[in-house]
Amino acid sequence: TQHNTTTQQEEEEEDTRMNPQLNLIEQLDEVTYRIKKGFVPNMRTEGTFYVNNDLKSLVFDELKHSAKSKGGGGFLPAVQQIANVASLPGIVGNSLGMPDIHSGYGFAIGNVAAFDMNDPECIVSPGGVGFDINCGVRLIRTNLTYDQVKPLQEDLAQALFDHIPVGVGSKGVIPTNSKDLDEALEMGVDWSLREGYAWPEDKEHCEEYGRMLSADPNCVSQRAKKRGLPQLGTLGAGNHYCEVQVVEEIYNPSAAAKMGLTQVGQICVFVHSGSRGLGHQVASDALRDMEKAMTRDGIHVNDRQLACARINSPEGQAYLKAMSAAANFAWVNRQSMTFLVRQAFAKIFKKNPLELDMHIVYDVSHNIAKIEEHVVNGQIKKLLVHRKGSTRAFPPHHPLIPVDYQFIGQPVLIGGTMGTCSYVLTGTQVGMEKSFGSTCHGAGRAMSRNQSRRDMTYQEVLSDLKKRGISIRVASPKLVMEEAPDSYKDVSAVVNTCHIAGLSKKCVKLRPICVIKG
């Protein structure tokens, strides 16, 4: 043991000698690390990230590998991206990294940063929202139990696969023309309600009630609309999925009961999707416009992927309105799939969805920027909070969470990876103070998509899922390898880290029995 400890110390000393930046990262407690000023040039504030011992090596190995390869190719290491965000104009509080953090475009995925709306230098950055605007998760409960579903499990998986359009380039079954699309972009879930695809109570359990009021369809380019029009009500590909899940463990029975999750063995449905090609195009358009605005306004950033614009500039305002419209598109998209999920269940179980108690537990976004009020250094400030690969997690008694969740805090939905467990958490006051009411969003990638394809065959992945009693329907076998559980961090380690840090509290654990993927 002594020999192992000595070897470990020698390795750490060698790493620090090779990469002096490591001296500027300090461990504050069991799961909290601080990135000191000076880690990258022009830092206006410090960085903070949360990892436990199991996740720590992935974050630090990425940094060491980048130092050895002199940063060649791909994205910058996640830790460096957190530090670069700390150098952006108008930032308040620290630049934060959640436990599922990994490299992304400009901002790391799992990065949270808030900007003071009253600071004339304050910026908005599309890289801090992500290309899949309002990618998010929705949980639908049922009153069915695993024993009732098991004999019909394969039929149910097939019915969901038949009802929900999946895969790259999939086209929606909800009839829409360009006028409908403009109205959906403006109205969000209110459009779905008007058209008969939502129940009146559905919007009560959506973040922002499923509608960003600042949306302006006129700020969305024709190209973005053209990409979005055929895709309304489609799951898409990549890490998006629809899963039938069973409640495996309840950590907080009183909070779970408020959500209608009352027993182990209860069946739920998880839908994970976003704004498809429309959101991607909105981000691409904004990045192009903002590069010009940065030159005009003399904004300098450490990484050109951090293209941004002053919030009050024409480009900043246009992006916020277009982003809000794309967010509304994503909510309509998840609502349309909720309608299709309810239809599939009704067909298989010969009951209408109301009889099956198919209510929405909650719908959260994990790629968005929102104007919120937070206490900073004892003062209430109006902030633009960027959450990229991070979920809002507001505490009990917060005015922006539904009435029936006032005493338990906002439900937070954390999707695992294909075939692994998912979680329902609740928001905390500690998280409000430490992370602007934010927590993790999922497992977070541990290896690149190309690496995943090299390391495993799709037959191996599918047979492993079958062995675990999971029915799977997938549109593209290649994508199965990219999304295999081994490609991701352990979602339980991510959730436990947030629990220890106090950013969110565990409420319910679910495991999948049917997986529908693009």
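A residue is called buried when its relative accessible area is under 20%, exposed when that area is over 50%, and partly exposed in between (1.4 Å probe, protein chains only). The structure discussed here is a predicted model, in which local features need pLDDT of at least 70 and side-chain atom pairs count only at pLDDT 80 or more, whereas totals for chains, interfaces and linings use all residues. Residues are numbered from 1 along each chain as its sequence is written, and side-chain values use heavy atoms, with hydrogens and water left out.

Side chains of opposite charge can pair when their charged atoms come close. With a salt bridge taken as a side-chain nitrogen of Lys or Arg within 4 Å of a carboxyl oxygen of Asp or Glu, the model contains 28 salt bridges. Helices (H or I, at least four residues) and strands (E, at least two) are DSSP runs, numbered from the N terminus.

One of these contacts joins Lys 370 to Glu 207, with N and O 2.3 Å apart. Since Lys 370 belongs to strand 12 (residues 367-376) and Glu 207 to the loop between helix 7 (189-195) and helix 8 (222-228), the pair ties together parts that are 163 residues apart in sequence.

Asp 363 and Arg 138 form another salt bridge, at an N to O distance of 2.7 Å. This pair links strand 11 (residues 360-365), which holds Asp 363, with strand 7 (residues 136-145), which holds Arg 138, across 225 residues. Asp 363 is buried, at 0% relative accessibility, and Arg 138 is likewise buried, at 0%.

Arg 34 sits in strand 2 (residues 32-35) and Glu 46 in the loop between strand 2 and strand 3 (47-50), 12 residues apart. Here the side chains are partly exposed, with relative accessible areas of 24% for Arg 34 and 22% for Glu 46.

Most residues other than glycine have a negative phi, and most peptide bonds are trans. Asn 42, however, has a positive phi near 65°; this residue lies in the loop between strand 2 and strand 3 and is exposed, at 59% relative accessible area. Arg 276 also has a positive phi, near 50°. Arg 276 lies in helix 10 (residues 276-297) and is buried, with a relative accessible area of 12%.
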